[in-house]
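Let's walk through a protein model together, one step at a time. Keep the picture open while you read, and look for each part as it comes up.

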Amino acid sequence: QVQLVESGGGSVQAGGSLRLSCVASEYTNSRYCMAWFRQAPGKEREGVAALYFGGGTTYYADSVKGRFTISQDNAKNTLYLQMDSLKPEDTAMYYCAAHPTWTTCASGSWLLGNFNYWGQGTQVTVSS
């Protein structure tokens, strides 16, 4: 059972930056697909970014390409999401998720959100 704990959320003005962290309770090996999702009030959950530790290839939703960067620190079992040029529409609860099969990332199916493990979420609020 993998436990995920997010941190780093907060309130910023439009144009600002935040970095989210997600610490895994155990080593999520190179076959894991790791991702960030978000959900705003009254809206469906949305995939934001994903990567698998072994390949280093990253995947992004069109809405965040060029502004968000997903990365990893294997030694710390930590996943990051660097968010720059934030917009009010980025306001949401952000969740970290893990799936034990790397092809979930590579195939694009990560966007469907069928992940085995989820964190509790961290709130991001962007004011105009």
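Accessible areas here come from the Shrake-Rupley method with a 1.4 Å probe, and for residues only the protein chains shown count as cover. By that method the chain exposes about 6,200 Å², and carbon and sulfur atoms supply 46% of it. Please remember that this is a predicted model, in which local features need pLDDT of at least 70, side-chain atom pairs count only at pLDDT 80 or more, and totals for chains, interfaces and linings use all residues. Residues are numbered from 1 along each chain as its sequence is written, and side-chain values use heavy atoms, with hydrogens and water left out.

Let's begin with the overall layout. The chain holds 1 helix and 11 strands; helices (H or I, at least four residues) and strands (E, at least two) are DSSP runs, numbered from the N terminus. The C-alpha trace spans about 40 × 25 × 25 Å along its principal axes.

How much of the chain is buried? Buried residues make up 45% of the 128 residues, where buried means under 20% relative accessible area, exposed over 50%, and partly exposed in between (1.4 Å probe, protein chains only).

Now turn to strand 9 (residues 92-99). Of its 8 residues, 6 are buried, making this strand mostly covered. To follow its neighbours, you need one rule: two strands pair if DSSP finds at least two bridges between them.

Which residues of strand 11 form its covered face? In a regular strand the side chains alternate between the two faces of the sheet. In strand 11 (residues 122-127), Thr122, Val124 and Val126 make up the covered face, while Gln123, Thr125 and Ser127 make up the uncovered one.

Let's finish with two single residues. Serine 21 sits in strand 3 (residues 18-24) and counts as buried because its relative accessibility is 15%. Leaving out residues up to four places away in sequence, serine 21 touches Val5, Glu6, Ser7, Trp36, Thr78, Leu79 and Tyr80, where a contact means heavy atoms within 4.5 Å.

Aspartate 84 lies in the loop between strand 8 (78-83) and strand 9. With a relative accessible area of 28%, aspartate 84 is partly exposed. Although aspartate 84 and serine 17 are 67 residues apart along the chain, their C-alpha atoms are separated by 4.4 Å. Beyond residues up to four places away in sequence, aspartate 84 touches Gly16, Ser17, Arg67 and Phe68.
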